[in-house]
Amino acid sequence: MTEPFDQSIAARLRLLFGDRTILTSLQPLAGDASSRRYYRAVLQGPSAPPSAVIMQVPAGASLPLSSEELAVFKEPPKELPFLNLHRFLARLGVRIPRLYGSWEREGILVLEDLGDVCLWDRVQGLPASDVELWYRKAIDVLLRLQIGGTARPDESCLAFQQRFDFRLYMWEFDHFLEYGLEKRPGGNFSRAAAEQLRSAFKEIARCLDALPPCLNHRDYHSWNLMVRGEEIVVIDFQDALLAPAPYDLASLLNDRETDRVITAGLERNLLGYYLQRSEEMGAPRGGPDEFLRFYLLSAIQRDFKVVGRFYYLDLVKGKPAYRKFIPPTLRRLRRNLARLPETEALIPLLAESYEEMR
């Protein structure tokens with residue numbers, strides 16, 4: 001942290017909250033897997049909140065990786081995706097952090113401080129019945145985004161300009177093949193097995209690509225849902241896009257180490273709740289068996305991507321902290337692969353590289 005940065009932020013905070021606003025400290029916060037940086041500004045002043053969060057977006061880091069690689073947009077976005085999606089979700093009534101001010105050219109945004117308790121933290125140590133209530137709340141918010149957002153398409157919203165299609169699914173599968181198998185330390189995988197995997201990945205991608213799309217957050221998991229009192233606030237939504245309905249639900253119930261709280265029985269209850277509420281809101285998702293298949297394929301595809309991504313973050317970006325989530329992700333991946341006849345045959349192929357698959 002440099003003194004000029006402190007002074008620059010302090011000046012912007014005075015513009016937002018009045019000349020009597022004092023920046024007493026600027027504390028770095030734990031970031032996410034992106035290149036964005038976050039700081040907590042502790043404030044004093046008659047018109048200032050006790051604190052605010054500063055988001056710093058480095059030049060050239062405003063787009064999600066997949067969009068840069070796949071050239072999804074017809075023309076480059078004219079504003080930060082975060083601001084574009086913030087405006088749309090606010091109109092939709094999805095609870096998101098308040099935006100106090102933004103300086104797009106400098107990549108500086110000043111946001112409401114939501115504290116440090118995410119959904120994952122909130123449910124630790126709770127009985128199963130309370131865990132289910134909190135995840136039902138998360139599903140209620142998700143359905144407002146998916147059903148309400150899909151019913152109100154906006155051509156100016158970047159989420160409606162990009163879609164999870166066959167090409168994007170295969171880009172993510174190939175990301176796994178490259179970093180989860182070929183380039184990872186100690187990788188040992190035959191070319192024949194890789195070809196078999198890629199052939200199976202193509203079938204999964206074709207199946208998911210054929211499903212009707214709806215608005216999805218894209219990274220809707222327990223660490224991107226902050227808890228304020230009794231409500232859930234959605235963050236990290238700048239990569240939203242059109243995708244099959246089960247995608248975000250699979251993300252919510254299958255991420256990092258969620259198996260420690262999302263038991264088989266709880267997963268079954270929450271799938272039933274999602275289908276029931278979808279029906280009540282006028283967006284039936286099909287029969288439970290059919291929906292379960294697409295949900296599992298979404299969870300499987302996403303976990304393959306996640307394994308490759310976590311190795312990539314370590315090997316390329318120098319962020320080894322995500323490595324600890326790879327073993328639980330692989331164990332869940334094995335379990336979900338075994339739940340579908342069409343994917344069970346992949347387990348022996350992966351077992352030669354991963355002991356979690358044996």
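Biologist: How do the axes of helix H6 and helix H10 cross?
Modeller: The axes of helix H6 (residues 166–182) and helix H10 (residues 288–315) come within 8 Å and cross at roughly 50°. Axes here are lines fitted to C-alpha atoms, for helices over the stretch in contact, with angles running from 0 to 180 degrees between N-to-C directions, and helices (H or I, at least four residues) and strands (E, at least two) are DSSP runs numbered from the N terminus.

Biologist: What does that make H6 and H10 to each other, and what is the hand of the crossing?
Modeller: H6 and H10 are therefore oblique to each other, given that angles under 35 degrees count as roughly parallel, over 145 as roughly antiparallel, 65 to 115 as roughly perpendicular and the rest as oblique. The crossing of H6 and H10 is left-handed, a term used if the near helix is turned anticlockwise from the far one by less than a right angle, with right-handed used if clockwise.

Biologist: Which residues make the contact?
Modeller: From H6 they include Tyr 169, Phe 173 and Phe 176, and from H10 they include Phe 304, Val 307 and Tyr 311, where contact means heavy atoms within 4.5 Å. The residues of this contact of H6 with H10 divide into nine nonpolar, four polar and three charged; Ala, Val, Leu, Ile, Met, Phe, Trp, Tyr, Cys and Pro count as nonpolar, Asp, Glu, Lys and Arg as charged, and the others, Gly among them, as polar.

Biologist: Before we go on, what are the ground rules for the model?
Modeller: This is a predicted model, in which local features need pLDDT of at least 70 and side-chain atom pairs count only at pLDDT 80 or more, while totals for chains, interfaces and linings use all residues. Residues are numbered from 1 along each chain as its sequence is written, and side-chain values use heavy atoms, with hydrogens and water left out.

Biologist: And how do H7 and H10 cross?
Modeller: The axes of helix H7 (residues 191–209) and H10 come within 10 Å and cross at roughly 130°, and H7 and H10 are therefore oblique to each other. Their crossing is left-handed, and the contact involves, among others, Phe 201 and Ile 204 of H7 together with Phe 294 and Leu 297 of H10. The residues of the contact of H7 with H10 divide into eight nonpolar, two polar and one charged.

Biologist: Switching topic, where is Gln 238, and is it buried or exposed?
Modeller: Gln 238 lies in the loop between strand E8 (231–234) and strand E9 (241–244), and Gln 238 is buried, with a relative accessible area of 5%. Buried means under 20% relative accessible area, exposed over 50% and partly exposed in between (1.4 Å probe, protein chains only).

Biologist: What does Gln 238 touch?
Modeller: Not counting residues up to four places away in sequence, Gln 238 touches Arg 36, Pro 81, Phe 82 and Leu 85.

Biologist: What about the phi of Asp 236?
Modeller: Asp 236 has a positive phi of about 55° although it is not a glycine. Most residues other than glycine have a negative phi. Asp 236 is found in the loop between E8 and E9, and at 13% relative accessibility Asp 236 counts as buried.

Biologist: Last one, where is Thr 329?
Modeller: Thr 329 is in helix H11 (residues 326–337), and Thr 329 is buried, with a relative accessible area of 0%. Leaving aside neighbours within four places in sequence, Thr 329 is in contact with Arg 256, Asp 303, Val 306 and Val 307.
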